[in-house]
Amino acid sequence: MLKQILSKLPRKSSKTAYSREHGGNHATNSSVSGGVRSSDLGTGKSGNLSVSSFPAPNFMADVGWKGAKSKPNGNHVLSSYEALPAFKDVPASEKQNLFIKKLNLCCVVFDFTDPSKNLKEKEIKRQALLELVEYVTSANGKFSDAVLQEIVKMVSANLFRSLTPQPRENKVVEGLDLEEEEPSMDPAWPHLQIVYEFLLRFVASPETDAKLAKRYADQSFIIKLLDLFDSEDPREREYLKTILHRIYGKFMVHRPIIRKAINNIFFRFVFETEKHNGIAELLEILGSIINGFALPLKKEHKVFLVRALIPLHKPKCLAMYHQQLSYCITQFVEKDCKLADTVIRRLLKYWPITNSLKEVMFLNELEEVLEATQPPEFQRCMVPLFRQIARCLNGLHFQVAERALFLWNNDHIENLIVQNSKVILPIIFPALEKNARNHWNQAVHSLTLNVRKIFYDLDPELFNECLLKFQEDESKEDEIEVKRETTWKRLEELAEKKVSGSEAVLVPHKAKG
(Lines give C-alpha, C1' and ligand atoms only; values in the text may rest on other atoms or scores of the structure.)
Protein backbone atom coordinates (compact mmCIF):
# COMPACT_ATOMS: atom_id res chain seq x y z
CA MET A 1 0.00 0.00 0.00
CA LEU A 2 2.81 2.39 0.94
CA LYS A 3 4.61 1.65 -2.34
CA GLN A 4 1.49 2.50 -4.32
CA ILE A 5 1.17 5.88 -2.58
CA LEU A 6 4.83 6.72 -3.13
CA SER A 7 4.59 5.82 -6.83
CA LYS A 8 2.00 8.56 -7.31
CA LEU A 9 4.09 11.39 -5.88
CA PRO A 10 5.72 12.54 -9.20
CA ARG A 11 2.29 13.01 -10.78
CA LYS A 12 1.17 15.15 -7.87
CA SER A 13 4.17 17.47 -8.20
CA SER A 14 3.53 17.78 -11.95
CA LYS A 15 -0.02 18.95 -11.28
CA THR A 16 1.35 21.58 -8.90
CA ALA A 17 3.75 22.79 -11.57
CA TYR A 18 0.92 23.15 -14.06
CA SER A 19 -1.25 25.11 -11.63
CA ARG A 20 1.61 27.49 -10.95
CA GLU A 21 2.17 28.20 -14.59
CA HIS A 22 -1.44 28.71 -15.61
CA GLY A 23 -2.49 30.49 -12.46
CA GLY A 24 -0.87 33.72 -13.63
CA ASN A 25 2.03 33.80 -11.15
CA HIS A 26 4.55 31.92 -13.22
CA ALA A 27 6.96 33.85 -15.45
CA THR A 28 6.40 33.20 -19.16
CA ASN A 29 9.83 34.10 -20.47
CA SER A 30 11.65 30.93 -19.42
CA SER A 31 13.54 29.15 -22.16
CA VAL A 32 11.87 25.87 -21.22
CA SER A 33 8.46 25.69 -19.56
CA GLY A 34 5.56 23.37 -18.97
CA GLY A 35 1.97 23.59 -20.05
CA VAL A 36 0.54 20.09 -20.26
CA ARG A 37 -2.32 18.85 -18.14
CA SER A 38 -1.79 16.20 -15.48
CA SER A 39 -4.07 13.86 -17.41
CA ASP A 40 -1.61 13.92 -20.34
CA LEU A 41 1.38 12.78 -18.27
CA GLY A 42 2.80 9.31 -18.68
CA THR A 43 3.48 7.13 -21.67
CA GLY A 44 0.35 5.08 -22.04
CA LYS A 45 -1.92 7.44 -23.99
CA SER A 46 -0.02 8.90 -26.95
CA GLY A 47 3.18 6.91 -27.01
CA ASN A 48 5.36 9.80 -25.90
CA LEU A 49 8.71 9.13 -24.39
CA SER A 50 8.80 8.94 -20.61
CA VAL A 51 11.03 11.41 -18.80
CA SER A 52 12.46 11.65 -15.36
CA SER A 53 11.23 14.26 -12.92
CA PHE A 54 12.98 17.67 -12.83
CA PRO A 55 14.21 19.57 -9.80
CA ALA A 56 12.83 22.89 -11.03
CA PRO A 57 9.03 23.25 -10.78
CA ASN A 58 8.62 24.72 -14.29
CA PHE A 59 10.10 21.68 -16.03
CA MET A 60 7.29 19.29 -16.91
CA ALA A 61 7.41 15.59 -17.60
CA ASP A 62 6.58 14.03 -20.96
CA VAL A 63 7.31 17.03 -23.21
CA GLY A 64 10.12 15.52 -25.24
CA TRP A 65 13.30 16.14 -23.26
CA LYS A 66 14.78 14.77 -20.07
CA GLY A 67 17.61 15.31 -17.65
CA ALA A 68 17.54 19.13 -18.05
CA LYS A 69 19.61 21.21 -15.67
CA SER A 70 19.09 24.92 -15.18
CA LYS A 71 22.06 27.28 -15.47
CA PRO A 72 22.25 30.55 -13.51
CA ASN A 73 21.83 32.70 -16.65
CA GLY A 74 18.51 31.07 -17.61
CA ASN A 75 19.88 28.81 -20.36
CA HIS A 76 19.58 25.05 -20.07
CA VAL A 77 21.96 22.20 -20.65
CA LEU A 78 20.03 19.27 -22.14
CA SER A 79 21.21 15.76 -21.42
CA SER A 80 18.48 14.40 -23.71
CA TYR A 81 16.19 16.19 -26.16
CA GLU A 82 14.07 13.73 -28.08
CA ALA A 83 11.42 13.98 -30.76
CA LEU A 84 7.71 13.62 -30.14
CA PRO A 85 5.58 11.49 -32.47
CA ALA A 86 4.19 13.02 -35.65
CA PHE A 87 0.59 14.25 -35.77
CA LYS A 88 -0.31 11.54 -38.28
CA ASP A 89 0.72 8.86 -35.78
CA VAL A 90 -1.76 9.88 -33.06
CA PRO A 91 -5.60 9.78 -33.02
CA ALA A 92 -7.49 13.01 -33.69
CA SER A 93 -8.51 13.32 -30.03
CA GLU A 94 -4.84 13.56 -28.98
CA LYS A 95 -3.67 16.04 -31.62
CA GLN A 96 -4.35 19.18 -29.61
CA ASN A 97 -2.49 17.79 -26.60
CA LEU A 98 0.41 16.79 -28.85
CA PHE A 99 0.35 20.28 -30.39
CA ILE A 100 0.79 21.83 -26.93
CA LYS A 101 3.62 19.42 -26.12
CA LYS A 102 5.41 20.28 -29.37
CA LEU A 103 5.01 23.99 -28.58
CA ASN A 104 6.71 23.40 -25.23
CA LEU A 105 9.42 21.34 -26.90
CA CYS A 106 10.15 24.29 -29.21
CA CYS A 107 10.51 26.71 -26.28
CA VAL A 108 14.10 25.53 -25.90
CA VAL A 109 16.41 28.09 -27.51
CA PHE A 110 19.73 26.80 -28.84
CA ASP A 111 23.03 28.62 -29.29
CA PHE A 112 23.82 28.97 -33.00
CA THR A 113 27.12 30.79 -32.55
CA ASP A 114 28.77 27.35 -32.41
CA PRO A 115 27.62 25.45 -35.55
CA SER A 116 28.87 22.09 -34.21
CA LYS A 117 26.88 22.26 -30.96
CA ASN A 118 23.59 20.34 -30.35
CA LEU A 119 23.23 19.31 -34.01
CA LYS A 120 20.80 16.47 -33.26
CA GLU A 121 18.65 18.60 -30.94
CA LYS A 122 18.56 21.49 -33.41
CA GLU A 123 17.32 19.19 -36.15
CA ILE A 124 14.65 17.72 -33.84
CA LYS A 125 13.42 21.24 -33.05
CA ARG A 126 13.46 22.23 -36.72
CA GLN A 127 11.30 19.25 -37.65
CA ALA A 128 8.94 19.99 -34.75
CA LEU A 129 8.58 23.61 -35.88
CA LEU A 130 7.77 22.49 -39.43
CA GLU A 131 5.08 20.19 -38.07
CA LEU A 132 3.63 23.07 -36.03
CA VAL A 133 3.46 25.23 -39.17
CA GLU A 134 1.64 22.45 -41.01
CA TYR A 135 -0.76 21.93 -38.10
CA VAL A 136 -1.68 25.64 -37.87
CA THR A 137 -2.14 25.87 -41.64
CA SER A 138 -4.54 22.91 -41.76
CA ALA A 139 -6.37 23.59 -38.46
CA ASN A 140 -10.15 23.21 -38.72
CA GLY A 141 -11.30 24.40 -35.30
CA LYS A 142 -10.92 27.57 -33.26
CA PHE A 143 -7.78 27.71 -31.13
CA SER A 144 -8.64 27.47 -27.41
CA ASP A 145 -7.35 29.74 -24.63
CA ALA A 146 -4.81 27.13 -23.51
CA VAL A 147 -3.46 26.73 -27.05
CA LEU A 148 -3.29 30.50 -27.64
CA GLN A 149 -1.33 30.96 -24.42
CA GLU A 150 1.18 28.25 -25.41
CA ILE A 151 1.54 29.67 -28.93
CA VAL A 152 2.37 33.16 -27.66
CA LYS A 153 4.75 31.69 -25.08
CA MET A 154 6.66 29.67 -27.71
CA VAL A 155 6.86 32.59 -30.14
CA SER A 156 8.04 34.92 -27.36
CA ALA A 157 10.70 32.47 -26.18
CA ASN A 158 12.20 32.21 -29.67
CA LEU A 159 11.82 35.71 -31.10
CA PHE A 160 12.11 38.18 -28.24
CA ARG A 161 15.83 38.55 -27.59
CA SER A 162 18.38 41.32 -27.29
CA LEU A 163 19.60 42.43 -30.71
CA THR A 164 23.38 42.65 -30.50
CA PRO A 165 24.78 44.68 -33.42
CA GLN A 166 27.49 42.87 -35.35
CA PRO A 167 30.90 44.60 -35.47
CA ARG A 168 31.20 46.20 -38.89
CA GLU A 169 33.71 48.64 -40.33
CA ASN A 170 32.59 51.91 -41.92
CA LYS A 171 29.08 51.39 -40.58
CA VAL A 172 27.32 54.30 -42.34
CA VAL A 173 28.53 57.30 -44.24
CA GLU A 174 25.42 59.28 -45.11
CA GLY A 175 23.52 56.08 -45.85
CA LEU A 176 25.78 54.93 -48.67
CA ASP A 177 28.19 52.37 -47.23
CA LEU A 178 25.45 50.30 -45.65
CA GLU A 179 23.91 49.60 -49.04
CA GLU A 180 27.24 48.38 -50.42
CA GLU A 181 28.04 46.11 -47.45
CA GLU A 182 26.78 42.56 -47.15
CA PRO A 183 23.80 42.49 -44.76
CA SER A 184 24.38 40.90 -41.36
CA MET A 185 22.64 37.49 -41.17
CA ASP A 186 21.44 35.98 -37.89
CA PRO A 187 23.06 32.55 -37.35
CA ALA A 188 19.84 31.31 -35.67
CA TRP A 189 17.82 31.94 -38.85
CA PRO A 190 17.20 28.19 -39.59
CA HIS A 191 14.90 28.17 -36.53
CA LEU A 192 13.82 31.81 -36.53
CA GLN A 193 12.49 31.61 -40.09
CA ILE A 194 10.17 28.72 -39.23
CA VAL A 195 8.97 30.46 -36.06
CA TYR A 196 8.16 33.57 -38.12
CA GLU A 197 6.39 31.44 -40.70
CA PHE A 198 4.42 29.81 -37.87
CA LEU A 199 3.44 33.20 -36.44
CA LEU A 200 2.40 34.46 -39.88
CA ARG A 201 0.22 31.41 -40.54
CA PHE A 202 -1.25 31.68 -37.03
CA VAL A 203 -2.21 35.37 -37.44
CA ALA A 204 -3.62 34.76 -40.93
CA SER A 205 -5.52 31.60 -39.92
CA PRO A 206 -9.35 31.91 -39.92
CA GLU A 207 -9.28 29.72 -36.79
CA THR A 208 -7.54 32.46 -34.80
CA ASP A 209 -10.18 34.42 -32.90
CA ALA A 210 -8.85 37.97 -32.47
CA LYS A 211 -11.03 38.58 -29.40
CA LEU A 212 -9.48 35.62 -27.59
CA ALA A 213 -5.96 36.02 -28.97
CA LYS A 214 -5.67 39.68 -27.89
CA ARG A 215 -5.50 38.53 -24.26
CA TYR A 216 -2.15 36.86 -24.95
CA ALA A 217 -0.87 38.81 -27.98
CA ASP A 218 -1.27 41.93 -25.88
CA GLN A 219 0.26 45.43 -25.91
CA SER A 220 3.55 44.16 -24.46
CA PHE A 221 3.76 41.49 -27.19
CA ILE A 222 3.16 44.08 -29.94
CA ILE A 223 5.81 46.49 -28.61
CA LYS A 224 8.40 43.69 -28.33
CA LEU A 225 7.57 42.65 -31.89
CA LEU A 226 8.14 46.23 -33.08
CA ASP A 227 11.48 46.35 -31.26
CA LEU A 228 12.65 43.48 -33.48
CA PHE A 229 12.48 45.78 -36.54
CA ASP A 230 15.94 46.98 -35.50
CA SER A 231 17.35 43.58 -36.50
CA GLU A 232 20.25 43.75 -38.94
CA ASP A 233 18.97 40.69 -40.82
CA PRO A 234 16.82 41.89 -43.77
CA ARG A 235 15.04 38.51 -43.94
CA GLU A 236 13.78 38.97 -40.39
CA ARG A 237 12.57 42.51 -41.09
CA GLU A 238 10.72 41.29 -44.18
CA TYR A 239 8.81 38.70 -42.13
CA LEU A 240 8.09 41.25 -39.39
CA LYS A 241 6.70 43.67 -41.95
CA THR A 242 4.25 41.10 -43.30
CA ILE A 243 3.24 39.86 -39.84
CA LEU A 244 2.69 43.32 -38.35
CA HIS A 245 0.58 44.30 -41.34
CA ARG A 246 -1.61 41.21 -40.81
CA ILE A 247 -1.88 41.96 -37.07
CA TYR A 248 -2.92 45.56 -37.86
CA GLY A 249 -5.64 44.27 -40.15
CA LYS A 250 -6.95 41.55 -37.81
CA PHE A 251 -6.53 43.03 -34.32
CA MET A 252 -8.37 46.34 -34.56
CA VAL A 253 -7.94 46.93 -30.82
CA HIS A 254 -4.14 47.09 -31.34
CA ARG A 255 -4.19 49.69 -34.14
CA PRO A 256 -3.71 52.79 -31.93
CA ILE A 257 -0.95 50.97 -30.01
CA ILE A 258 0.91 50.09 -33.22
CA ARG A 259 0.69 53.64 -34.58
CA LYS A 260 1.84 55.15 -31.29
CA ALA A 261 4.76 52.69 -30.98
CA ILE A 262 5.90 53.45 -34.54
CA ASN A 263 5.59 57.14 -33.75
CA ASN A 264 7.91 56.70 -30.74
CA ILE A 265 10.45 54.73 -32.81
CA PHE A 266 10.57 57.60 -35.32
CA PHE A 267 11.01 60.19 -32.56
CA ARG A 268 13.95 58.28 -31.07
CA PHE A 269 15.50 57.81 -34.49
CA VAL A 270 15.22 61.45 -35.61
CA PHE A 271 15.95 63.31 -32.39
CA GLU A 272 18.23 60.91 -30.49
CA THR A 273 20.04 58.07 -32.24
CA GLU A 274 19.72 58.43 -36.05
CA LYS A 275 20.36 54.67 -36.04
CA HIS A 276 17.67 52.10 -36.81
CA ASN A 277 17.64 49.26 -39.32
CA GLY A 278 13.90 48.99 -39.90
CA ILE A 279 12.71 52.50 -40.81
CA ALA A 280 12.09 51.53 -44.44
CA GLU A 281 9.97 48.50 -43.47
CA LEU A 282 7.95 50.49 -40.91
CA LEU A 283 7.27 53.17 -43.52
CA GLU A 284 6.18 50.49 -45.97
CA ILE A 285 3.58 49.29 -43.46
CA LEU A 286 2.49 52.89 -42.84
CA GLY A 287 2.06 53.48 -46.56
CA SER A 288 -0.60 50.77 -46.63
CA ILE A 289 -2.16 52.03 -43.37
CA ILE A 290 -2.37 55.63 -44.63
CA ASN A 291 -3.94 54.39 -47.85
CA GLY A 292 -6.79 52.98 -45.77
CA PHE A 293 -7.43 56.12 -43.68
CA ALA A 294 -11.05 57.27 -43.83
CA LEU A 295 -11.94 60.80 -44.92
CA PRO A 296 -11.97 63.39 -43.54
CA LEU A 297 -8.60 62.70 -41.95
CA LYS A 298 -8.52 62.74 -38.16
CA LYS A 299 -6.49 65.42 -36.40
CA GLU A 300 -4.35 62.62 -34.89
CA HIS A 301 -3.27 61.54 -38.39
CA LYS A 302 -2.39 65.08 -39.49
CA VAL A 303 -0.31 65.58 -36.33
CA PHE A 304 1.50 62.32 -37.10
CA LEU A 305 2.34 63.63 -40.59
CA VAL A 306 3.78 66.92 -39.30
CA ARG A 307 5.53 65.71 -36.15
CA ALA A 308 6.73 62.22 -37.06
CA LEU A 309 6.87 61.73 -40.83
CA ILE A 310 8.19 65.03 -42.19
CA PRO A 311 11.08 65.26 -39.65
CA LEU A 312 12.35 61.95 -41.10
CA HIS A 313 13.84 64.10 -43.87
CA LYS A 314 16.43 65.37 -41.39
CA PRO A 315 18.81 62.35 -40.85
CA LYS A 316 21.84 61.92 -43.10
CA CYS A 317 20.86 58.33 -43.95
CA LEU A 318 17.65 59.49 -45.72
CA ALA A 319 18.63 57.52 -48.83
CA MET A 320 17.97 54.24 -46.98
CA TYR A 321 14.23 54.87 -46.69
CA HIS A 322 13.38 57.91 -48.83
CA GLN A 323 11.34 55.99 -51.41
CA GLN A 324 8.96 54.66 -48.72
CA LEU A 325 8.82 58.02 -46.93
CA SER A 326 7.99 59.87 -50.13
CA TYR A 327 5.14 57.41 -50.80
CA CYS A 328 3.67 58.03 -47.32
CA ILE A 329 3.86 61.83 -47.71
CA THR A 330 2.26 61.70 -51.16
CA GLN A 331 -0.53 59.46 -49.81
CA PHE A 332 -1.44 62.15 -47.28
CA VAL A 333 -1.57 64.86 -49.97
CA GLU A 334 -3.68 62.65 -52.26
CA LYS A 335 -6.07 61.97 -49.36
CA ASP A 336 -6.36 65.66 -48.45
CA CYS A 337 -5.07 68.16 -51.03
CA LYS A 338 -5.23 70.97 -48.44
CA LEU A 339 -2.17 69.42 -46.76
CA ALA A 340 0.02 70.25 -49.80
CA ASP A 341 0.85 73.75 -48.54
CA THR A 342 1.87 72.39 -45.11
CA VAL A 343 3.95 69.58 -46.60
CA ILE A 344 5.81 71.83 -49.07
CA ARG A 345 6.62 74.48 -46.46
CA ARG A 346 7.90 71.79 -44.06
CA LEU A 347 10.03 70.28 -46.82
CA LEU A 348 11.56 73.71 -47.44
CA LYS A 349 12.35 73.92 -43.73
CA TYR A 350 14.41 70.69 -43.91
CA TRP A 351 15.91 71.45 -47.34
CA PRO A 352 19.60 70.40 -47.42
CA ILE A 353 22.24 73.06 -47.99
CA THR A 354 25.46 71.16 -48.70
CA ASN A 355 24.24 67.65 -49.53
CA SER A 356 23.53 67.44 -53.27
CA LEU A 357 22.34 63.82 -53.09
CA LYS A 358 19.63 64.78 -50.59
CA GLU A 359 18.68 67.81 -52.73
CA VAL A 360 18.01 65.52 -55.70
CA MET A 361 15.84 63.29 -53.46
CA PHE A 362 13.93 66.32 -52.18
CA LEU A 363 13.28 67.45 -55.76
CA ASN A 364 12.03 63.97 -56.69
CA GLU A 365 9.62 64.03 -53.77
CA LEU A 366 8.60 67.61 -54.49
CA GLU A 367 7.51 66.60 -57.98
CA GLU A 368 5.30 63.82 -56.58
CA VAL A 369 3.73 66.20 -54.05
CA LEU A 370 3.15 68.94 -56.66
CA GLU A 371 1.49 66.41 -58.92
CA ALA A 372 -1.22 66.00 -56.25
CA THR A 373 -1.39 69.74 -55.46
CA GLN A 374 -4.34 71.87 -56.53
CA PRO A 375 -4.08 75.56 -57.65
CA PRO A 376 -5.30 77.17 -54.38
CA GLU A 377 -2.69 75.31 -52.26
CA PHE A 378 0.00 75.93 -54.89
CA GLN A 379 -0.61 79.67 -54.81
CA ARG A 380 -0.17 79.78 -51.02
CA CYS A 381 3.35 78.35 -51.13
CA MET A 382 4.68 79.19 -54.61
CA VAL A 383 6.81 82.21 -53.61
CA PRO A 384 9.07 80.45 -51.05
CA LEU A 385 8.99 77.30 -53.20
CA PHE A 386 10.34 78.96 -56.35
CA ARG A 387 12.92 80.93 -54.41
CA GLN A 388 14.33 77.55 -53.42
CA ILE A 389 14.01 76.20 -56.96
CA ALA A 390 15.92 79.26 -58.21
CA ARG A 391 18.74 78.42 -55.78
CA CYS A 392 18.71 74.85 -57.11
CA LEU A 393 18.95 76.12 -60.71
CA ASN A 394 22.15 77.95 -59.78
CA GLY A 395 23.40 75.03 -57.64
CA LEU A 396 27.06 74.04 -57.86
CA HIS A 397 26.15 70.41 -58.63
CA PHE A 398 24.83 69.96 -62.15
CA GLN A 399 22.48 67.10 -61.14
CA VAL A 400 20.60 69.40 -58.75
CA ALA A 401 20.10 72.03 -61.47
CA GLU A 402 19.15 69.37 -64.01
CA ARG A 403 16.58 67.77 -61.67
CA ALA A 404 15.03 71.17 -60.90
CA LEU A 405 14.66 71.89 -64.62
CA PHE A 406 12.97 68.51 -65.15
CA LEU A 407 9.98 69.83 -63.18
CA TRP A 408 8.88 71.59 -66.38
CA ASN A 409 8.55 68.18 -68.08
CA ASN A 410 5.57 67.38 -65.84
CA ASP A 411 2.36 68.61 -67.50
CA HIS A 412 0.46 69.24 -64.26
CA ILE A 413 3.32 71.22 -62.71
CA GLU A 414 3.86 73.17 -65.94
CA ASN A 415 0.17 74.13 -65.97
CA LEU A 416 0.43 75.37 -62.36
CA ILE A 417 3.48 77.44 -63.30
CA VAL A 418 1.85 78.81 -66.44
CA GLN A 419 -1.25 79.91 -64.48
CA ASN A 420 0.98 81.83 -62.06
CA SER A 421 3.77 82.89 -64.41
CA LYS A 422 3.46 86.58 -63.49
CA VAL A 423 4.60 85.73 -59.95
CA ILE A 424 7.00 82.87 -60.72
CA LEU A 425 8.99 84.21 -63.70
CA PRO A 426 10.37 87.30 -61.90
CA ILE A 427 11.61 85.00 -59.10
CA ILE A 428 13.46 82.49 -61.26
CA PHE A 429 14.42 84.63 -64.26
CA PRO A 430 17.87 85.68 -62.90
CA ALA A 431 18.78 82.02 -62.31
CA LEU A 432 17.61 81.05 -65.81
CA GLU A 433 19.53 83.88 -67.43
CA LYS A 434 22.78 83.09 -65.60
CA ASN A 435 22.54 79.42 -66.61
CA ALA A 436 21.74 80.33 -70.22
CA ARG A 437 24.80 82.55 -70.43
CA ASN A 438 27.56 80.56 -68.84
CA HIS A 439 26.63 77.21 -67.27
CA TRP A 440 29.42 74.69 -67.87
CA ASN A 441 27.15 71.63 -68.24
CA GLN A 442 25.65 71.16 -71.69
CA ALA A 443 22.51 69.32 -70.49
CA VAL A 444 21.69 72.05 -67.96
CA HIS A 445 22.35 74.72 -70.58
CA SER A 446 19.98 73.07 -73.09
CA LEU A 447 17.21 72.52 -70.53
CA THR A 448 17.50 76.14 -69.39
CA LEU A 449 17.05 77.41 -72.95
CA ASN A 450 13.94 75.22 -73.31
CA VAL A 451 12.41 76.66 -70.12
CA ARG A 452 13.24 80.22 -71.22
CA LYS A 453 11.47 79.54 -74.52
CA ILE A 454 8.35 78.28 -72.68
CA PHE A 455 8.12 81.55 -70.74
CA TYR A 456 8.89 83.66 -73.81
CA ASP A 457 6.20 81.95 -75.92
CA LEU A 458 3.72 82.26 -73.06
CA ASP A 459 4.12 86.00 -72.44
CA PRO A 460 6.83 87.82 -74.47
CA GLU A 461 6.01 91.15 -72.82
CA LEU A 462 6.51 89.79 -69.30
CA PHE A 463 9.68 88.02 -70.43
CA ASN A 464 11.15 91.25 -71.83
CA GLU A 465 10.22 93.13 -68.64
CA CYS A 466 12.08 90.54 -66.57
CA LEU A 467 15.05 90.68 -68.94
CA LEU A 468 15.16 94.50 -68.71
CA LYS A 469 14.98 94.38 -64.91
CA PHE A 470 17.74 91.74 -64.83
CA GLN A 471 19.96 93.95 -67.01
CA GLU A 472 19.26 96.96 -64.78
CA ASP A 473 20.09 94.97 -61.65
CA GLU A 474 23.23 93.70 -63.34
CA SER A 475 24.34 97.24 -64.24
CA LYS A 476 23.63 98.36 -60.67
CA GLU A 477 25.78 95.50 -59.40
CA ASP A 478 28.53 96.62 -61.77
CA GLU A 479 28.28 100.20 -60.46
CA ILE A 480 28.42 98.94 -56.86
CA GLU A 481 31.49 96.88 -57.75
CA VAL A 482 33.18 99.89 -59.36
CA LYS A 483 32.44 102.04 -56.29
CA ARG A 484 33.85 99.34 -54.03
CA GLU A 485 37.07 99.15 -56.06
CA THR A 486 37.36 102.98 -56.11
CA THR A 487 36.96 103.13 -52.33
CA TRP A 488 39.70 100.58 -51.79
CA LYS A 489 41.97 102.43 -54.23
CA ARG A 490 41.55 105.69 -52.31
CA LEU A 491 42.35 103.94 -49.04
CA GLU A 492 45.51 102.47 -50.54
CA GLU A 493 46.59 105.91 -51.84
CA LEU A 494 46.03 107.50 -48.42
CA ALA A 495 48.09 104.76 -46.81
CA GLU A 496 50.94 105.36 -49.27
CA LYS A 497 50.94 109.13 -48.56
CA LYS A 498 51.19 108.52 -44.82
CA VAL A 499 54.08 106.13 -45.36
CA SER A 500 55.99 108.62 -47.56
CA GLY A 501 55.35 111.56 -45.11
CA SER A 502 56.95 112.25 -41.77
CA GLU A 503 54.18 110.65 -39.76
CA ALA A 504 55.05 107.48 -37.92
CA VAL A 505 53.29 104.39 -39.15
CA LEU A 506 52.97 100.94 -37.74
CA VAL A 507 55.02 98.38 -39.65
CA PRO A 508 53.37 94.97 -39.71
CA HIS A 509 55.47 92.07 -38.42
CA LYS A 510 56.76 89.98 -41.29
CA ALA A 511 55.90 86.32 -41.04
CA LYS A 512 58.87 83.96 -41.14
CA GLY A 513 59.04 82.10 -44.41
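Student: Which residue forms a salt bridge with E238?

Tutor: The idea is that a Lys or Arg side-chain nitrogen sits within 4 Å of a carboxyl oxygen of Asp or Glu. In this predicted model, E238 pairs with K241, and their closest N and O atoms are 2.7 Å apart.

Student: Why are E238 and K241 separated by about one helical turn?

Tutor: Because they're three residues apart in helix α10. K469 and D473 also form a salt bridge, at 3.2 Å from N to O; they're four residues apart in helix α22, so again about one helical turn lies between them.

Student: Are E238 and K241 buried or exposed, or something in between?

Tutor: Buried means under 20% relative accessible area. K241 has 11%, so K241 is buried, while E238, at 39%, counts as partly exposed.

Student: What does E236 pair with?

Tutor: E236 forms a salt bridge with R161, with the closest N and O atoms 2.8 Å apart. E236 lies in helix α10 and R161 in the loop between α5 and α6, so this pair ties together parts that are 75 residues apart in sequence. E236 is buried at 0% relative accessible area, whereas R161 is partly exposed at 26%.

Student: Which residues are linked in a network of salt bridges?

Tutor: Look at D341, R345, E377 and R380: salt bridges link them in a network.

Student: And how many salt bridges does the count come to?

Tutor: The count is 24 salt bridges.

Key
Residues numbered from 1 in each chain as written. Predicted model: local features only at pLDDT ≥ 70, side-chain atom pairs only at ≥ 80, totals over all residues. Heavy atoms only, no water. Helix = DSSP H or I, 4+ residues; strand = E, 2+ residues; numbered from the N terminus. Buried < 20%, exposed > 50% of the residue type's maximum accessible area, 1.4 Å probe, protein only.
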